[in-house]
Amino acid sequence: MKRFCKSAFLTLLVLLVLPLTVRAQSKELHWYCVRQKAHRQAIAAPELRFVEDCGGYYIDHTHHEGNEDKVVYLTFDVGYENGNVEKILGTLKETQTPGAFFVLKHVVTANTDLLRRMNAEGHLVCNHTANHPNLAFASAEKIKAELTELEKVCQENGIVTAPYFRPPEGSFSREMLEHVQEIGYKTVFWSFAYADWDNGRQMAPDTAIRLILDNIHNGAVLLLHPTSATNAAILPQVISTLKAEGYRFGTLDALCGG
């Protein structure tokens, strides 16, 4: 009888603990970095730094404050085209600056020539999923379906994609990162971003320029939304100022090892 009670107790304990373990493993996280003063590298929150163990990148640790080779990485999340994406492509071409564009399926189908132009002008077309879902709790099958669907529509339209992924809204979990890594992608977060996505509430250009330049740091991965009217207006000055300060613009292939 004692043996039966002990066995029953252990079974009950496992049943009670298992859901808590699953919930802990599936915790939804939201990416952010803490800005530092004096152009020191931004710092990821302690609970998020594990991303680098799961094929994730957010900053170039090699090019820190003590490295004389100053490099930044321009990345863009493209939700749609309103004329500003084309303007930004024009700026990148004029300044001979590389960029990485994380795109969605409808952006590809509605703006095929624009995406082909990205390829032709040396930019990376990267995966932001097909339909912009939150994948933090998604199954491995759902994650693979979203990424391969975007790959497929690009391939069908003659657009070459790079093996870099950015989760919609910066929402993720350890399991999601591991599934993405198993598919063959590297997840790219960022070390600097600002509230630029709402075209109805755009920051004044002078304010945005100052915010970017005050917080720039060696090895920075910048996230900008290319639909932003402010970003389209200020990008020429941002690029020229950073180059004048000795920065060069790197590629995700260099950051992530290709």
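Reply: In this predicted model, Asp 214 and Arg 210 both sit in helix α7, which runs over residues 205-215. They are four residues apart, about one turn of the helix. An α-helix has 3.6 residues a turn, so residues three or four places apart point the same way. Asp 214 and Arg 210 form a salt bridge, with 3.1 Å between the closest N and O atoms. Side chains of opposite charge can pair when their charged atoms come close. Asp 214 has a relative accessible area of 40%, so it is partly exposed. Arg 210 is also partly exposed, at 45%.

Other charged residues are linked as a group: salt bridges with shared partners join Lys 93, Arg 117 and Glu 121 into one network. Within it, the side chains of Glu 121 and Arg 117 meet at 2.8 Å, N to O. Glu 121 counts as partly exposed because its relative accessible area is 27%. Arg 117, at 22%, is partly exposed as well.

The whole structure has eight salt bridges. One of them joins Arg 166 to Asp 77, with the closest N and O atoms 2.8 Å apart. Arg 166 is in the loop between β8 and β9 and Asp 77 is in strand β5, so this pair ties together parts that are 89 residues apart in sequence. Is Arg 166 buried or exposed? It is buried, with a relative accessible area of 0%. Asp 77 is at 6%; buried means under 20%, so Asp 77 is buried too.

Back to helix α7, which is among the elements that cover the buried residues of α8. The others include β5, α2, β11 and β12. Those buried residues of α8 are Thr 230, Asn 231, Ala 232, Ile 234, Leu 235, Val 238, Ile 239 and Leu 242.

Take Thr 230 as an example. This residue is in helix α8, residues 229-244, and counts as buried because its relative accessibility is 5%. Leaving aside residues up to four places away in sequence, Thr 230 touches Tyr 194, Gln 202, Met 203, Pro 205 and Ala 208.

Helix α8 can also be checked for length. At 1.5 Å a residue, its 16 residues should span 22 Å, and the end C-alpha atoms are 24 Å apart, which agrees. The helix does have a kink of about 45 degrees at Leu 235, shortly before the proline Pro 236.

For contrast, consider a piece of the surface. Tyr 32, Val 34 and Ile 43 form a nonpolar patch there, with about 240 Å² of accessible area together. Ile 43 belongs to strand β3, residues 43-44, and is partly exposed because its relative accessibility is 34%.

Finally, the chain as a whole. It contains nine helices and 12 strands, and 48% of its 258 residues are buried. Of the contacts between residues at least 6 apart in sequence, 75% join residues at least 24 apart. The accessible surface comes to about 12,700 Å², and carbon and sulfur atoms account for 55% of this.

Terms used:
Residues are numbered from 1 along each chain as its sequence is written. This is a predicted model: local features need pLDDT of at least 70, side-chain atom pairs count only at pLDDT 80 or more; totals for chains, interfaces and linings use all residues. Side-chain values use heavy atoms; hydrogens and water are left out. Helices (H or I, at least four residues) and strands (E, at least two) are DSSP runs, numbered from the N terminus. Buried means under 20% relative accessible area, exposed over 50%, partly exposed in between (1.4 Å probe, protein chains only). Contact means heavy atoms within 4.5 Å. Patches are made of residues with over 30% relative accessible area and no salt bridge: like charges are joined within 9 Å, nonpolar side chains (Val, Leu, Ile, Met, Phe, Trp, Tyr) within 5 Å. Accessible areas come from the Shrake-Rupley method with a 1.4 Å probe; for residues, only the protein chains shown count as cover. A salt bridge is a side-chain nitrogen of Lys or Arg within 4 Å of a carboxyl oxygen of Asp or Glu. The expected span of a helix is 1.5 Å times one less than its number of residues. The bend at a residue is the angle between axes fitted to the seven residues ending there and the seven starting there.
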